[in-house]
Amino acid sequence: MPAAINITQNEQQWIKEYLQETYDVVINDAFDCQMLSDAILKEKGIKISYSTFRRLFDLVKNSNAQSRFVLNALAVAVGFKNWEFFKHHVANFDTNIINQNIQIYSCQLPNSQNLILETAKKFPLTTWLGGYQLQNIVSLAIENNDFELLKQLVHLPFDVENQKVYEHLVIGFQSFYFQAVKSNEAVIAFVTSTIRTSILLQKCLLQAYVDEKYLDSFLGKWFDAIEENTLPDLLLFKNLLLCQKAFNNNEVDKAKTHFNLALNQSKLDQLEVHPILKARLGVWNLVLNKDKQSIVTYYNSLSCPFDKADFAVIASRLLWTYYDELATISFLEKITLKEFPPVKDFFQKGRHNLLLLTLAIHYHLKQEYQQSKEYFDLFNSNTFGYDIVNFDFYEKWIQKLK
């Protein structure tokens with residue numbers, strides 16, 4: 001039998017973090033180990049016994065030694081070709097090494113820009129750690145007015161279609177949004193000049209931080225800078241937001257023009273319209289054209305509970321802002337909380353949490369105060385997910401419902 005291979009504490013810590021983040025589980029006991037074993041088998045077709053995880057996570061006596069077969073299986077489970085590739089990754093991108101390279105760049109030492117760019121290319125972006133490391137680099141580059149580095153960063157070929165990578169890229173690039181809110185004109189101008197060619201900025205900044213308060217300032221500029229449909233639904237998204245901008249400015253005819261463009265784009269073959277965009281289409285068809293049926297049709301086309309939550313939260317907020325007839329939100333009463341799984345990731349928790357607040361507001365407006373209170377008691381005021389940009393709207397309601 002081949003001798004077991006010893007692994008370092010650092011390698012053990014990295015593989016434990018990757019396993020927990022990749023499969024959205026926190027290992028505290030044997031039950032958690034079994035959940036992890038089942039998740040890997042289901043997702044990767046790899047069988048790793050729960051007892052292996054008990055040893056790996058120090059729930060039982062552990063010699064820090066594993067067979068090569070088990071180590072290779074662990075590495076494949078978190079996206080590496082084998083254990084040797086994983087070891088190479090850890091050796092080259094240990095947190096301390098990355099922090100050292102960040103310090104070198106912060107001091108603007110010779111060749112530090114190239115060093116930090118090469119470091120950024122290999123961040124572990126399937127983990128939150130990688131997202132925060134990228135965020136640190138972006139913030140430092142903004143502080144240094146290093147728009148040359150930023151231009152290279154926002155054009156890196158990160159796997160933006162991978163949901164786990166996408167969620168962490170959104171965190172990595174959020175400094176652009178924060179600085180724009182602070183009226184950093186250099187940052188606003190950089191994004192305006194770059195967003196047309198950067199898929200990362202379009203998807204991880206523009207579509208992730210839809211702060212409608214700024215449609216007449218930097219957000220409007222960023223939309224205007226985009227002319228081509230580099231993402232499948234980008235022009236649909238753009239015209240819906242420009243429709244809202246025009247309506248805010250009492251330019252109803254212009255709003256209708258943008259809405260009709262969006263409506264035509266939503267009907268293109270092979271385009272899968274996101275639930276949030278369906279919500280916006282339904283609301284503006286109601287506000288501009290008095291069409292009460294389309295919003296119901298859009299809602300009825302959804303089956304996933306989280307898609308329904310996205311739709312309900314966005315549609316309700318827009319209707320409460322732009323429309324007066326409360327009865328049009330009757331679809332809220334079709335939502336069943338039992339549809340939602342008990343285990344949710346951070347963003348799913350945010351979507352579900354905002355749905356609870358939305359339902360509390362809905363029943364309060366209907367003067368069904370006991371029902372409103374039941375939903376509000378379930379709401380957690382610390383979890384907003386992506387909708388944190390609309391915190392001002394919800395904060396007023398939170399105080400009222402309290």
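Colleague: Which residue does the side chain of Arg-280 meet in a salt bridge?

Modeller: This is a predicted model, in which local features need pLDDT of at least 70, side-chain atom pairs count only at pLDDT 80 or more, and totals for chains, interfaces and linings use all residues. Residues are numbered from 1 along each chain as its sequence is written, and side-chain values use heavy atoms, with hydrogens and water left out. A salt bridge is a side-chain nitrogen of Lys or Arg within 4 Å of a carboxyl oxygen of Asp or Glu. With 2.8 Å from N to O, the partner of Arg-280 is Glu-212.

Colleague: Are Arg-280 and Glu-212 buried or exposed?

Modeller: Buried means under 20% relative accessible area, exposed over 50%, and partly exposed in between (1.4 Å probe, protein chains only). By this scale, both Arg-280 and Glu-212 are buried.

Colleague: How many residues apart in sequence are the parts tied together by Asp-307 and Arg-351?

Modeller: The closest N and O atoms of this salt bridge are 4.0 Å apart. Asp-307 belongs to helix α19 (residues 305-322) and Arg-351 to helix α20 (residues 346-365), so the pair ties together parts with a separation in residues of 44.

Colleague: Is Asp-307 buried or partly exposed?

Modeller: The relative accessibility of Asp-307 is 23%. Because of this value, Asp-307 counts as partly exposed.

Colleague: Which residue forms a salt bridge with Lys-366?

Modeller: The closest N and O atoms of this pair are 2.7 Å apart. Lys-366 is in the loop between α20 and α21 (369-378), and its partner is in the loop between α19 and α20, 33 residues apart. That partner of Lys-366 is Glu-333.

Colleague: How far apart are the axes of helix α15 and helix α17?

Modeller: Two packed helices are described by the angle between their axes and the distance between the axes. Axes are lines fitted to C-alpha atoms, for helices over the stretch in contact, and angles run from 0 to 180 degrees between N-to-C directions. Helix α15 (residues 234-248) and helix α17 (residues 275-289) pack at about 35°, and their axes are separated by 11 Å.

Colleague: How many residues of the contact of α15 with α17 are nonpolar?

Modeller: Contact means heavy atoms within 4.5 Å. Among the residues making it are Leu-240 and Phe-247 of α15 and Leu-281 and Trp-284 of α17. Ala, Val, Leu, Ile, Met, Phe, Trp, Tyr, Cys and Pro count as nonpolar, Asp, Glu, Lys and Arg as charged, and the others, Gly among them, as polar. One residue of the contact is polar and one is charged, while the nonpolar ones number eleven.

Colleague: What is the count of disulfides?

Modeller: A disulfide is taken as a pair of cysteine sulfur atoms within 2.5 Å. By this rule the count is zero.

Colleague: Is Lys-16 buried or exposed?

Modeller: Lys-16 sits in helix α1 (residues 9-22). Not counting residues up to four places away in sequence, Lys-16 touches Leu-56, Phe-57 and Asp-58. Because its relative accessibility is 12%, Lys-16 counts as buried.

Notes. Helix = DSSP H or I, 4+ residues; strand = E, 2+ residues; numbered from the N terminus.
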